[in-house]
Amino acid sequence: MGTIFDKIISREIAADIVYEDDLLLAFKDIAPKAPVHYLIIPKQPIATLNDANPEHQALLGQMMLTAAKLAKEAGVAEGGYRVQMNCNPDGGQVVYHIHLHLMGGRAFSA
Ligand code: AMP
């Protein structure tokens, strides 16, 4: 079954999209925890990081490099930022379509 992120990919529901390529989509988090808070997702639905396998290695790397690129474009690279992926309930995952949180523009403590 699809998640809300599938509906964002298919444009069934709107999002503030900041980046798109053949494999990835990035958009602003609807409940931002920092002045810059983007979600970077693969178009391919992988439910959790536990479901990723070696075939996804390049895709996962692409997500990380895209986070760094978008951090630079958003002007937070120099100051610093946080990249986070939550997995399953104890990790705080709510949407079961893997995504990287890119958060910047404020200081994070531990
Ligand atoms: P996680 O807890 O890691 O699964 O994060 C899910 C994130 O998706 C949360 O930070 C939500 O605020 C965000 N989110 C949920 N629905 C939407 C939406 N329609 N557009 C943008 N962000 C969303």
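Mentor: A polar contact is a pair of N or O atoms within 3.5 Å. Please keep that in mind, as this is a predicted model.

Trainee: Which atom of Val 94 lies 2.7 Å from an oxygen atom of the ligand, backbone or side-chain?

Mentor: A backbone N or O atom of Val 94 lies at that distance of 2.7 Å from a ligand oxygen. The protein buries 85% of the 510 Å² that the ligand exposes when taken alone.

Trainee: How far is the polar side-chain atom of Asp 29 from an oxygen atom of the ligand? And the N or O atom in the side chain of Asn 86?

Mentor: For Asp 29 the distance is 2.5 Å, and for Asn 86 it is 2.8 Å.

Trainee: How many residues surround the ligand?

Mentor: There are 17, and the closest include His 99 and His 101. By class, 10 are nonpolar, five polar and two charged.

Trainee: Which element supplies the largest share of that shell around the ligand?

Mentor: Helix 1 does, with three residues. Strand 2, residues 24-28, also supplies at least two.

Trainee: Which element gives the most to the lining of the largest pocket?

Mentor: Helix 1 again, with three residues. Strand 3 (36-42) and strand 5 (100-104) are among the elements that each supply at least two. The lining has 13 nonpolar, seven polar and four charged residues.

Technical notes. Residues numbered from 1 in each chain as written. Predicted model: local features only at pLDDT ≥ 70, side-chain atom pairs only at ≥ 80, totals over all residues. Heavy atoms only, no water. Near = heavy atom within 4 Å. Polar contact = N/O pair within 3.5 Å; in protein donor to acceptor, adjacent residues only side chain to side chain. Areas by Shrake-Rupley, 256 points an atom, 1.4 Å probe, with all protein chains shown as cover. Helix = DSSP H or I, 4+ residues; strand = E, 2+ residues; numbered from the N terminus. Nonpolar A, V, L, I, M, F, W, Y, C, P; charged D, E, K, R; others polar.
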